[in-house]
Amino acid sequence: MAKICSLSEAISEHLHDGDTVAMEGFTHLIPVAAGHEVVRQKRRDLTLVRMTPDLVYDQLIGMGCARKVVFGWGGNPGVGSLHRFRDAVENGWPNRLEIEEYSHAGMSNAYVAGASNLPFAVLRAYTGTDIARYNDRIKTIHCPFTGEELAAIPSIRPDVTVIHAQKGDRKGNVLIWGIVGVQKEAVLAARRAIVTVEEIVDDLEAPPNACVLPHWTVSAVCAVPGGAFPSYAQDYYERDNRFYLDWDDVSRDRQRFLDWTRRHVLETKDWAEFRRVLAGTAKTGVTS
Amino acid sequence: MTEITTTEMMTVAASRMLRNGTVCFVGIGLPSTAANLARLTHAPEAVLIYESGPIGAKPDVLPLSIGDGDLATTADTVVSTPEIFRYWLQGGRIDVGFLGTAQIDRFANLNTTVIGPYDKPKARLPGAGGAPEIAAQAGETIIVVNHDKRVFVETLDFITTAGFLDGGEARARAGFPGKGPTAVITNLCILKPDPVTRELTVASLHPGTTRAQVQAATGWDIRFANDVATTEAPSEREISVLRDLLKRTGEAHGAA
């Protein structure tokens, strides 16, 4: 049953050291505010699952919150590399980072299997590639009816999934639209789910077939307007492309990254204060 | 018309590969530019599918990321990512996969995972994304990539996406639903797989490009077809539509 609460309360109650955490969003509705709160609360030893790790996971990895990343494609979309992710994989900074990688087809099928309460996903994938050679959790099975060779991969069952959506209502039902990615599957595959929303309304006014997550599938709903910045929220605000470009500079250097995160995340009490501080530093052109 | 750049030539040549009415699974970057140019010129009925979920996207400006809002609002429908990969790609409904890459070998296998050893990489690249299954399951694949010795390499450190594997009948034996790469379009030339060995062979040089330039930008002894053609230069219309598209895109994204 969803509890309407503050983001800090939701993270504190539902996301613990050592958890397997999925923060999903396919370039749209990325739960950035929630990621910051995890950094603020200094969670450690997390296994981070995401189809497309981007800036949020770069921050969590760089701040030493992650032990392992399970993923399909890790980059700064439209810009280039994730420097903190790369530094961890290439140089073990700030700690050694285990990786387990698939493809988008693999990750999305594994979420479907998780939501379906199945132990594994079956798909046509990975033949002829080195992906299975370096990931021993990708197995080959044969169709019991035709004998066709297929790939089997374990389902994704996060301890907690975190997503951002456009609307919640006062009971905690959640409505999400536009590019919905794997968010529904990620929530239904998880033991607990935290959803930040742009606004909480009396009536979702959701048409039939809309993507609604009923309140009894969600643990906490938190109103965090603008909580997907610098990604976008369809019908609320656009993507801030400047931030993605700036992140390439900020994240390239370890000390600059640490200074930025201290100033903008650790020393701010919540998302609203982060946005105020960022507006100030961005105005002076000094992002660190 | 100002002088046509090699990148413009590449984009136009790639766009011509997309036939009108085909269903195309589009990668971000150069492939997306080429696919949209095709849609705005000779292939208005081409159906563009992006892995984030939009089917039949008709963006007015090029997306910066694979999940831009403009893709969703201009699409015929937007579905979930699992649905894209399960029903539409694995379901066998994609004619053409349009891909970019970080590295490619002579049999059009692709590496977007790692440079150097996997466990101690010199450079960690983003990884597979949608490419392995697009290249396996789309009816055919077209690859658009800059021609450079660091890109066209003798041996890949990691095969992320299978092309023709070891060449010859290797791909057919592996049982992929799709027939594999049918063309690689670069800023210098168009390469096509040899019908028997499947080795990438220069089929057409872009105007002004020499064989020596292509060899110098390739990490193996590149083969040329017996009858190497000259790629038809871009028409005025192709170039003006492309430049307008890029101008609109720059303005819309704040030309950061």
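Mentor: Let us begin with a term. A nonpolar core is a set of buried Ala, Val, Leu, Ile, Met, Phe, Trp, Tyr and Cys residues joined through C-beta atoms within 7 Å. Please keep in mind that the model before us is predicted.

Trainee: Which residues touch the most other members of the largest nonpolar core?

Mentor: The largest nonpolar core has 165 residues, and those that touch the most other members are Leu60(A), Cys24(B), Phe98(B), Val144(B) and Ile185(B). Helix α5(A) gives the most to this core, with 7 residues. Take Ile185(B) as a case: leaving aside residues up to four places away in sequence, Ile185(B) touches Met10(B), Ala13(B), Ala14(B), Met17(B), Ile142(B), Val144(B) and Ile190(B).

Trainee: What boxes do the C-alpha atoms of chain A and of chain B fill?

Mentor: Along the principal axes, the box is roughly 65 × 50 × 30 Å for chain A and roughly 45 × 45 × 35 Å for chain B. Buried residues make up 54% of chain A and 52% of chain B. Among contacts with a separation of 6 or more, residues 24 or more positions apart account for 74% in chain A and 67% in chain B.

Trainee: How many residues does each chain bring to the contact between the chains?

Mentor: Chain A brings 45 residues and chain B brings 39. On the side of chain B that touches chain A, α3 (69–73), α4 and α5 of chain B each supply at least two residues. By class, that side of chain B has 19 nonpolar, 16 polar and 4 charged residues.

Trainee: Against what do the buried residues of α4(B) pack?

Mentor: Their partners come from both chains: α5 (104–115) and α6 (183–189) of chain A, together with β1 (23–26), β2 (47–50) and α5 (131–137) of chain B. The buried residues of α4(B) are Thr81(B), Pro82(B), Ile84(B), Phe85(B) and Leu89(B).

Trainee: Is Ile66(B) buried or exposed?

Mentor: Ile66(B) has 27 C-beta neighbours inside 10 Å and therefore counts as buried. Its place is in the loop between β3 (54–55) and α3 of chain B. Ile66(B) touches residues of chain A, Thr27(A) and Pro77(A), as well as Ile28(B), Tyr50(B), Glu51(B) and Ser52(B), when residues up to four places away in sequence are not counted.

Trainee: What backbone features deserve attention?

Mentor: Most residues other than glycine have a negative phi, and most peptide bonds are trans. Thr27(A) has a positive phi near 60°; this residue lies in the loop between β2 (20–23) and α2 (32–40) of chain A and counts as buried, with 24 C-beta neighbours inside 10 Å. Glu205(A) also has a positive phi, about 50°, but counts as exposed, with 10 such neighbours.

Trainee: Which residues are joined by cis peptide bonds?

Mentor: One cis bond joins Trp93(A) and Pro94(A), with omega about 0°; Pro94(A) is in the loop between α4 (83–91) and β5 (98–101) of chain A. Another joins Phe229(A) and Pro230(A), with omega about 5°.

How values were computed. Residues are numbered from 1 along each chain as its sequence is written. Chains are lettered from A and ligands numbered from 1 in the order in which they are written. This is a predicted model: local features need pLDDT of at least 70, side-chain atom pairs count only at pLDDT 80 or more; totals for chains, interfaces and linings use all residues. A residue is buried if 20 or more other C-beta atoms lie within 10 Å of its own, exposed if 12 or fewer, and partly exposed in between; C-beta atoms are placed from the backbone. Helices (H or I, at least four residues) and strands (E, at least two) are DSSP runs, numbered from the N terminus. Two residues are in contact if their C-beta atoms, placed from the backbone, lie within 7 Å. Ala, Val, Leu, Ile, Met, Phe, Trp, Tyr, Cys and Pro count as nonpolar, Asp, Glu, Lys and Arg as charged, and the others, Gly among them, as polar.
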